[in-house]
Amino acid sequence: MLQRLSQAINAAIEKVLFVIGAAICLILFAQVVFRYAGASLGWSEEVSRHLLVAITFLGGTVAYKRASFIGLKGFGHRLGPAIQRAIVVGLQVLTLACFGLIAWFGAAYTVKAAEHTSSSLQIPMAIPFSVIPAASVIFVLHVLADISGAPRRKTP
Amino acid sequence: MIVLLLFTCLFALIALGLPIALSIGLPAIGFMLTPGVFPAGVQISALGQTIVQLLFAGVDSFDLLAIPLFMLAGAIMETGGISRQLIDFSDSLVGWVPGGLACAVIVASMFFAGISGSAAADTAALGAIAIPAMIRQGYPPAFSAAVVAAGGSIGVIIPPSIPMVIFGFLTNVSIAKLFAGGMLVGVLFGLSFMAVAVWHAWRHGYGTRQVFSLRLVWASFKEAIWSLGAPVIVLGGILAGIVTVTEAAALAVFYALFVAMAVNRRLKWQDMPELIIRSQIVAATILFIIAMAKVFTWLVAMKQTPMLVQSAINSLALPPWGLLLLVMAGLLVVGCIMETTAALILLVPVLAAITPQMGVDPIQFGVLMVVNLAVGMLTPPVGICLFVSCGISGLPLGQVGRAAMPLVAVAIAALLIACYWPPLTTWFPSLIYK
């Protein structure tokens, strides 16, 4: 159940990444064209920056799911399968705690940021900030799915 | 003390196998929320909100947008058949010298470096074609993989360069000037690697040599002309001040699409979703390190570490050349054991403060730091170009790492020239930006 949910959310986030990636290309292309046409876009830079934040955190969840994060294999595998498994579970628990905390504080800050608006679009800053708690919850889900499922190699 | 513990946890977690981004973020967030690290009046909730703000601010940057875009442009060009065209054109240029194909791979890497900005992308793009071709011509597999990895490392020296984007973002130094500063050093690296390839091929009789023919050069040039146009548009646009680095990256994506779809007809619209998703994920792995490291470096700065390091270095009373040598030697060691983005983000705040004592200007130091870390991409245990080239060739890291040693040696020699002959890094930027 947990694993199916984790996979379904990951598939949806991959589609979101495609939309964001395509949107950034089009917005920046339009930015250049409009500037040379004498009608600079006031909003393009802000929107693309916020989309980059979304790529970072949502893309991070997909990188975790696809085991694409940069890292070393670790020395645990030399110490036998039992110790390796203990190390993996220990690291998963630490990761879980870290993203749990970020989700908690992120949600609190997102609520607080609703009072502020962005400089050019005048949208509540809660919108761009919300990606951090949302991605952290997805991280928590992926880690829980990993803990409940079979051990998976985490690093390339 | 906290900073020492922070770095100990960082290296311990990396050694245990936790991804680098999380190895940086976990201890930083953990220590920030630990009672007693900050004065008693500071509330945990305020620190938690600071963490969220730092994570956001770490990547809320127009300059960093260039990272996913250059990744995507490189991926499109690679899928669009550019690698073969660049190798064929380079082979027609230098295939007549001993070790001709090895030299051609290095020249092709230099051309590809003008498009991609990532050493791993450069290595992957050419390795799949170049390593089997070199083995067919009688080059030893480990040497072939090492040459491709060395060529790939030029990807971050010749602009565009993702590590230079990160350095510029961290220090507010002009990214365009850094790009201009890397140009000649990249060419020097390429020539140095070619010298090793020629020496080895001549000594051991590797490979076959082809006859130089202007007709062949012209024919392969016509084939590759659209692909060769990409670096001209990207670098020309940036250096002429027509577009910003990030805008140039977006234009590179559209130009790459045009070449891959309309000219080479190797890419279809239905390939695009996977290409975009894959490049966003690769970019996210770098950006995530940057976001997490923002919390780490904030904590390090709060504990006055850059100033402590600065006063410790001042107490050594080294002459500028000696200090530069010490820093470069230290960076070479760091480059061997640490991933480039992490090394840049963790060390730039400390090292940028002592740039004047080293007698170098910020542009030269930025280029030197990126070049230095590029050498680290060729050395085990953490050499991204070696990882990619071992993945393609199926050879063990140790074997390719040993074969790469002569290439690492000339790379260090080229680095020393760049250190102590400033015009190599400063002449080109000063020519363009008078």
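These are my notebook entries on contacts looked up in a two-chain model, chain A and chain B.

**Ground rules.** I am working with a predicted model, in which local features need pLDDT of at least 70 and side-chain atom pairs count only at pLDDT 80 or more, while totals for chains, interfaces and linings use all residues. Residues are numbered from 1 along each chain as its sequence is written, chains are lettered from A and ligands numbered from 1 in the order in which they are written, and side-chain values use heavy atoms, with hydrogens and water left out.

**Entry 1, the interface.** I began with the place where the two chains meet, taking contact as heavy atoms within 4.5 Å. The contact draws 54 residues from chain B and 55 residues from chain A. About 5000 Å² is buried between them, 82% of it on carbon and sulfur atoms; buried area here is the accessible area (1.4 Å probe) that two parts lose on being put together, summed over both.

I then counted 3 salt bridges between chain B and chain A, a salt bridge being a side-chain nitrogen of Lys or Arg within 4 Å of a carboxyl oxygen of Asp or Glu. Between chain B and chain A there are also 7 residue pairs in polar contact, with both residues at pLDDT 80 or more. A polar contact is a pair of N or O atoms within 3.5 Å; within protein, one must be able to donate a hydrogen and the other to accept it, and residues adjacent in sequence count only if both atoms are side-chain atoms.

On the chain B side, the elements that give two or more residues are α1 (2-16), α2 (20-32), α3 (44-59), α4 (66-79), α12 (245-263) and α13 (272-302). Helices, I note, are DSSP runs (H or I, at least four residues), numbered from the N terminus. The most comes from α13(B), with 13 residues. By class, this side of chain B has 41 nonpolar, 9 polar and 4 charged residues, where Ala, Val, Leu, Ile, Met, Phe, Trp, Tyr, Cys and Pro count as nonpolar, Asp, Glu, Lys and Arg as charged, and the others, Gly among them, as polar.

Over all chains, a search of the whole structure gives 6 salt bridges. In one of them, E14(A) pairs with R66(A), the closest N and O atoms being 3.1 Å apart. E14(A) lies in helix α1 (residues 2-36) of chain A and R66(A) in the loop between α2 (44-65) and α3 (81-113) of chain A, so this pair ties together parts that are 52 residues apart in sequence. E14(A) is buried at 15% relative accessibility, whereas R66(A) is partly exposed at 32%; buried means under 20% relative accessible area, exposed over 50% and partly exposed in between (1.4 Å probe, protein chains only).

R35(A) and E247(B) meet through their side chains at 2.5 Å, N to O. R35(A) is in helix α1 of chain A and E247(B) in helix α12 of chain B, so the pair joins two chains. Is E247(B) buried or exposed? At 0% relative accessibility, E247(B) counts as buried, while R35(A) is partly exposed at 30%.

E274(B) and R66(A) form a salt bridge at 3.7 Å, N to O. E274(B) is in helix α13 of chain B and R66(A) in the chain A loop between α2 and α3, so this pair also joins two chains. I noted finally that E14(A), R66(A), E274(B) and R278(B) are linked in a network of salt bridges.

The whole-structure search finds 22 aromatic pairs over all chains; rings of Phe, Tyr and Trp (its six-membered ring) pair if their centres lie within 6.5 Å, with planes under 30 degrees apart counted as stacked, over 60 as edge-to-face and the rest as tilted. F89(B) and F111(B) form a tilted pair, 5.8 Å centre to centre and 40° between the planes. F89(B) is buried at 7% relative accessibility, and F111(B) is partly exposed at 25%.

Where does S220(B) lie? I found S220(B) in helix α11 of chain B, buried at 9% relative accessibility. Leaving aside neighbours within four places in sequence, S220(B) is in contact with D88(B), F89(B) and S92(B), and the side chains of S220(B) and S92(B) make a polar contact at 2.9 Å.
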